[in-house]
Amino acid sequence: MANNIVVYIICSLAMFHITAGMNGCCNVVTIGTVVHVKCSGCRLQTVPENLPIKATELNLQNNNLTILRQDSLRYLHQLNKLILSSNGLSMISSGAVDGLQNLKYLDLSNNLLENSSFDVFAFQPLIRLTHLDLRQNRLHLKETYPEHAIAYLSQVETLKIDVFEGFRFGIGFLNLTKLKQINFAVVLQERISVLNSTFLGLERTVISHLVLHFSMKKFEINALAPFHNLVSLKFHSGRTMNIRDVQKTLYGLQKRKMEYLELTDNYFRSVSSIFLMKSDFVYLRTICVRKIDLSMNNIEGIEMDAILSWPNRKCLEILDISSNNFLSIHIFYLLVLFPSLTHLYASDQSSIKFRKRSSASMEQTLFLPHSLIYLNFSRNPIGGSLVNLTLHESNNLKVLDVSYPLRHLSCSYGRLKGLVNLTEFYMSGFECSHPNPEMFSDMPNLLTLEAKQCNLGHVLAKDNNLLFKGRYKLTFLDLSANNIYLLSPIIFADQQYSLKTLIFASNQLISLHTHILMELHALETLDVSHNRILTLTKSDIALLDTHQTKSPAFKVNLFGNPLVCSCEVLDFLDWVGTTNMLYNRDNLLCSTPDGSQIKVMTFLQTFGQFKERCASQFWLIISMIMIIVFVFTAFLSRVVWKHSVKLRVWCRQPLEYEVFPFDVFIIYCNEDARWVTRTLVPWLEQEDVEYCIDDKSFELGLHIWDNIMNAIDNSRKSIFVVSCKYFKREWQTFAMQLASAYSFRDGRENMNVIILMNDMRRSEFPKLIRKNWDKIRPIIWPDENCSDKNKLIKAKKAFWRTLLGRIKN
């Protein structure tokens, strides 16, 4: 207890002292013997005094410590980690790190340090330092490293440092005999030269893994020779060297035994693909390497003599040639030359081709190394139909990935033969709407099959389907996104005692088909997520519960289905709340009666009250049905009355006038309102024609149809302004039918005047109008776009003259 009080007092004093930067900025956390002091982002200009003397970690990142002064950290004898990054630090004074004899980790990255920033003895006290980070500084300004200071760091194991044009590790680094890892950072976006003398100062190190990932200006062939302990090299030139030139850099590694060579992303954008020759392997062939990555190098092929000249190819176990530009599948015929090859990655080729064949029945035989167990040939631009390809019986291939061919390879005819040892097959993306029924017949030991997005939905619904017949060992089957809507009862007849995982995600299932699935006695995982299942029936639930008693680990995934939470599915909801077989149960969503989405488990918190409401709703529903029937009958009568022209005309007696209140009633749609109000109405007023129009003559509170009938009764004529938009409006169409019925009911054939704003067909008008088309004789408004202005003026005068005659008649 006393110790805690002391620590608290020390922390309080430290925070009080830093008020010049940011009040209360520092934070002290003690976990066992680790005392972590964090003062990052406090705008400090000097290292705070009165820091906890037992501090083991100090973070001063992102402050304003431009100079690390003498004795700044003299009391922190137990400090083993110090972070000074992002401070604008430009000088480390002599004696600045005195007393830090236990420091193991020092981060000086992202500052303004250069060669002259370090005193000769700046790092001398750091006798236990194992990690030094000098990245993102200004060492490139004088193109040299502070070797005079670094020479004292004999215990350093990890060094992170900038590289720049002209960089060189000199004799000052010879003392770093325990250096295992060096990480390079590029300061400027420039190409960098690597000379034979560049790494000479690192020849006494024990660096085993080296990453060269920057743009190359020049790389001399013997530059890598000083790395005597190198077992892993990653060489990425940033597309400033091609793979042929990169292989020449292996000169300094000749006759080595290595674990890994990664020579990727080495090609020129403007240069065509490279075909590797025997001369390109002159140095690589002397190296015994277990794994080689040659991906993303724009390689179009490898000469057979190049491989035959490689005596150490027997060392190669893993080869990655993905994302290249191999022009022929015959690269696979070279595989037999690698006797120890176990894994081949050949995905994402940009233009690989099969030789065209006249018949799908023609076969090819492929020889593979007996050691090869994994082959990835996915996402390649192969199309057409799968050829009959036989793998020689000596093959031992266990995993084959040919998924997602970029040209929708069909599996309707050909098939793969000789895969007797295959245990995993990945074929997603094939077009298998009409698959070869013997497609998997030569895979007796198949355990895992992934066939997503293969369009198998129609196939799996057929009772005569033999697709999985004889696959007695199949344990994992993924049939996601196959548009599956129905399952044949015998589809998994031969997997009753083997299938453990079955995935039907993202299909069209509306039920679980439990009567089929529960015959799979070994089933442990059933994924029907993102289908169209609304609920589970009582029989579904009973079968699932019975299966779980036999297989306690059994899980079902219903996530993403449009589940419902209503009174009709109370049994299902009750089961969801009590079962432990649902995967991701807490995130299941359902639709409530009010249409909202809610988590099922949240809904079940008030499930008791919900069930009571459901029970009391039965008689209420019966009563509501009776009321609805009565209301619907009344409503239907109203609708019939509302929308029946003949009924309204038959029931209404037109008003008789000796003198009509209005000369005309104007009927139009909103799209023609501008023409009516700015052209027609002013003309009517000029000619002293009394007009009735909706916005000034209709009675408020009266139904629109009654207003229309009153307006027709009160007007001597009805003018219909008809354009292409007119008949998209319900009330104008009704008005025209109503007016027409009135007109021809009492023999007033001239009651309607139709103005056509567009050239419209006769067939677009109501039947009664079409029948009396010759009597109505619509008036056509002249085309405003007529280029002949005099002709347009004459046409408009003729139009107004005709219209006035129709109104006055």
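How many disulfides does a search of the whole structure find? The search finds 6 disulfides, where a disulfide is a pair of cysteine sulfur atoms within 2.5 Å. The model is predicted, and local features need pLDDT of at least 70, side-chain atom pairs count only at pLDDT 80 or more, while totals for chains, interfaces and linings use all residues. Residues are numbered from 1 along each chain as its sequence is written, and side-chain values use heavy atoms, with hydrogens and water left out.

| Disulfide | S to S distance |
|---|---|
| Cys26 and Cys39 | 1.9 Å |
| Cys411 and Cys432 | 2.0 Å |
| Cys567 and Cys614 | 1.9 Å |

Burial is judged by relative accessible area, buried being under 20%, exposed over 50% and partly exposed in between (1.4 Å probe, protein chains only). Both Cys26 and Cys39 are buried, and Cys411 and Cys432 are buried as well.

Helices (H or I, at least four residues) and strands (E, at least two) are DSSP runs, numbered from the N terminus. Helix 14 (residues 704-713) has 7 of its 10 residues buried, so this helix is largely enclosed by the rest of the structure; the buried residues include Trp705, Ile708 and Met709.
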